[in-house]
Every structure is written in C-alpha cells, then in structure tokens.
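Please open the structure in your viewer and keep the selection tool at hand.

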Amino acid sequence: MFRVVSKFFAPLALVLTGMLVHPASATDLPSPASPVVLRVSGEIAHTNMDDEAHFDLPMLQALGAEKIRTDTPWDEGVVTYEGVPLSALMAALGANPEIIVVQGLDGYEAEIPAEDFSRFGVILAWSRDGELMPVRGKGPLRVMYPFDSDGILGTEKYSARAVWQVDRVIVK
C-alpha cells in the first residue's frame, strides 16, 4: 500500500510545486481582440504570445492614460498628446528595466533609460489633439516627452528618444 501511495503522491507533489512556482494566470495577459499595435519582448514577466506581449489599442488604453501638452520640435504650436505612461506599461508587463529599446516601423530605434519614465512622465501616445494618429501621422504610437517642461528636454539627446510609428519595445 505504501508503494502505491508514494507512486501517486510523488508526481502529484511535483505537479503542485510547479503550479505554485509558475501559475499560468500570473504570467498571462489577455489576448488582443483587435489589430496588434505594439509588441513587447525582453525581460518581461507577463506575456500573451509565446514570450512576447502583444497589445491592441484598447489594451493599452485600459492601462490608464495621461496627457502631455507641449511644444515639440515637429509640431506647430502647443499640442496635446495622450497615451499610456511608460511606467504603467512596464508595471503591466511585470518589468523592471534599466533601459528599453523602442523601434519604429521605419527601422529607427532609440534607447530610453527607465529613469526617464518617472523623472519626465514619458508616455507612449496614441492620440494628438484628441485624434488617433495614423501611420501617415507618425502613429499609431509615439514616444512623447513634455519637451517644454524642463530646459534639458530641448536637446537632441531627448528629441532622438521620441520615436514615432512605434511598433516594438524591447525591455532590458
């Protein structure tokens, strides 16, 4: 009888231990219900497509939104951008990066230090002046800093980080 019981409980203990260490619900994000606008890979804990996180616009909007009203090097006059704070996106991914690499559809990429997220309130914007940004309008997503809130942001160092047509983020 002891052998039968131990043959049963040993595999059960391994299964339960594995479930406690890696519960599926703790690592899974919901699946996108509409076209994917952002793919995130790298050092992330929460995924929904193999080892990546894919987001549609409603999923990003559900993470919360902030607005940045700023004068930029590319727009005429003051413009209002709305999007998800990069800090909220990283929290949803279970990520604690030192840097992220943001890539645009045109192949341009920039490294953004995670300290910028809280220091400047950087967002991944989906709208400009209340309108969703199409690809031809430098969308669907764009990294945005509050350029006129701090004199340091007016330098090329920061404007080079404002990637447009964002479609991928790599968390490091």
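Select the whole protein chain and display its surface. Of its 172 residues, 41% count as buried, where buried means under 20% relative accessible area, exposed over 50%, and partly exposed in between (1.4 Å probe, protein chains only). The accessible surface of the chain comes to about 9,600 Å², and 56% of this belongs to carbon and sulfur atoms; such areas come from the Shrake-Rupley method with a 1.4 Å probe, and for residues only the protein chains shown count as cover.

This is a predicted model, in which local features need pLDDT of at least 70 and side-chain atom pairs count only at pLDDT 80 or more, while totals for chains, interfaces and linings use all residues. Residues are numbered from 1 along each chain as its sequence is written, and side-chain values use heavy atoms, with hydrogens and water left out.

Next, colour the chain by pLDDT, the predictor's confidence in each residue, from 0 to 100. The average is 87, and 84% of the residues score at least 70. Now select residues 1-26: pLDDT stays under 50 there, and the model has two contacts (heavy atoms within 4.5 Å) beyond four places in sequence for this segment.

Switch to the cartoon display. The chain has six helices and 10 strands; helices (H or I, at least four residues) and strands (E, at least two) are DSSP runs, numbered from the N terminus.

Select strand S5, residues 99-104. Five of its six residues are buried, so S5 is largely enclosed by the rest of the structure. Which strands pair with S5? Strand S6 (residues 109-113) is joined to S5 by five bridges and runs antiparallel to it, and strand S10 (residues 166-171) also pairs with S5 in the antiparallel sense, over five bridges. Two strands pair if DSSP finds at least two bridges between them. On the S6 side, Gln103 stands opposite Glu109; in S10, Val169 is the bridge partner of Val102. S5 and S6 form a hairpin with four residues between them, and Gly107 in the turn has a positive phi of about 95 degrees.

Finally, select Thr80, which lies in strand S4 (residues 78-85). Is Thr80 buried or exposed? Thr80 is buried, with a relative accessible area of 19%. Leaving aside neighbours within four places in sequence, the residues in contact with Thr80 include Lys67, Ser127 and Asp129.
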